[in-house]
Amino acid sequence: GEAENQAGCTHSCLKGPRLAGSESPRHRPQRRVLLSGMEKDASAPDPSQQRNGFSGVLYGEFTDTLNDGVRYSVSLTESALTIQRISSSPGRTKVVFNLSDCVGCRAYRGPDNVDIGAYFTAYFYPFKRRWMSAGVARQRVEQCFRVALVQDPLVNLREAERWAHAIRDASVLQAPRRDGVVYTELRRPCRTMILVNPHSGRGQALQLFTGHIQAMLTEASVSYTLVITEHQNHARELVRNVDLSQWDALVIMSGDGLLFEVINGLMEREDWQQAIQTPLGILPGGSGNAL
């Protein structure tokens, strides 16, 4: 069976960004930047903005939506998102999220028309120590922000989209790379066909998809068509005859059997030389997952 899904939206929790230092340090005009209600002369070059050719940093001060008295400073550099609670006490808590652990960031409006604010949420999967264990594993962390600079909801949404776009772009540049491997980026939004064998992995492949993968696709703003295979060679027959121009990638969640079907289906097409160039992904959904 097939089920289509367009990545949706979730909620958020903080408030209001501003930009500091977007021009090149060598050609920066004289200007003044408003930060926290105080004017700061920004004409002098900031050394933190000149590393590795990075010419700017996004900076914002946010209030907690649950408590207007709690405020945070948030800054985005080429490699990290830093969040720090603003307090008069010297030992302020600062949290740094590496963008290499970021899978996506989305901007969206609030759940009702009363809220003039807009939101953007960044999703991270950093390594953390397992509960009651000495090992570590990637665990989901969601950072949510509310933008309410003006009374115009569309202006706030554009600002939220600017932040989300900047975080996504920076995280792509920080993605892990292996020597000798050629990387290309798929179009955005990416249209993906995901094929799942519900009998793989002792019958747990579909549960793994709904429990883990589905949420990550939403977080990464990846729209997809889910195909649950119903019999042997179902995927082979489908891929052999389907219009591949509808998708940018094919992803298999199963053991090596379903991948075998998909590759053979591509090779049996009349346009196999072009079809085999379709990007393929595999998610471990089998028993041993040796492939």
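## Strand E16 and its partners

Isoleucine 252 stands across from isoleucine 282 in strand E17. E17 covers residues 280-284 and pairs with E16 in the parallel sense over five bridges. Two strands count as paired if DSSP finds at least two bridges between them. Strand E14 (residues 191-196) also pairs with E16, again in the parallel sense over five bridges. There, methionine 193 has leucine 250 of E16 as its bridge partner. Strands (E, at least two residues) and helices (H or I, at least four) are DSSP runs, numbered from the N terminus.

This is a predicted model, in which local features need pLDDT of at least 70, side-chain atom pairs count only at pLDDT 80 or more, and totals for chains, interfaces and linings use all residues. Residues are numbered from 1 along each chain as its sequence is written, and side-chain values use heavy atoms, with hydrogens and water left out.

## Burial of E16

E16 runs over residues 249-254, and six of its six residues are buried, so the strand is largely enclosed by the rest of the structure. Buried means under 20% relative accessible area, exposed means over 50%, and partly exposed lies in between (1.4 Å probe, protein chains only). In a regular strand the side chains alternate between the two faces of the sheet. Both faces of E16 are covered. Ala249, Val251 and Met253 are buried on one side; Leu250, Ile252 and Ser254 are buried on the other.

## Nonpolar cores

A nonpolar core is a set of buried Ala, Val, Leu, Ile, Met, Phe, Trp, Tyr and Cys residues joined through side-chain atoms within 4.5 Å. The largest one has 25 residues. Leu81, Phe120, Phe124, Trp163 and Ile167 have the most contacts inside it. Strands E5 (57-64), E6 (67-76), E7 (80-86), E9 (102-109), E10 (118-124) and E13, plus helix H1 (153-173), each supply at least two residues of this core. H1 gives the largest share, six residues.

Leucine 81 shows the packing in detail. Beyond its neighbours within four places in sequence, leucine 81 is in contact (heavy atoms within 4.5 Å) with residues including Val74, Leu76, Phe97, Phe124, Phe145, Trp163 and Ile167. A second, separate core has 16 residues, among them Leu195, Leu238, Trp247 and Ile252.

## Salt bridges

A salt bridge is a side-chain nitrogen of Lys or Arg within 4 Å of a carboxyl oxygen of Asp or Glu. The count comes to ten. Arginine 140 bridges to glutamate 142, with the closest N and O atoms 2.7 Å apart. Glutamate 219 also bridges to arginine 140, here at 2.5 Å between the closest N and O atoms. Glutamate 219 lies in helix H3 (residues 205-219) and arginine 140 in the loop between strands E12 (136-138) and E13 (141-147), so this pair ties together parts that are 79 residues apart in sequence. Glutamate 219 is buried at 3% relative accessibility. Arginine 140 is partly exposed at 43%, and glutamate 142 is partly exposed at 28%.

Arginine 240 forms a salt bridge with glutamate 268, the closest N and O atoms being 2.8 Å apart. Arginine 240 sits in helix H4 (residues 234-241) and glutamate 268 in the loop between helices H5 (256-267) and H6 (272-275), so the pair links parts that are 28 residues apart in sequence. Both ends are partly exposed: arginine 240 at 31%, glutamate 268 at 35%. Shared partners join Arg140, Glu142 and Glu219 into one salt-bridge network.
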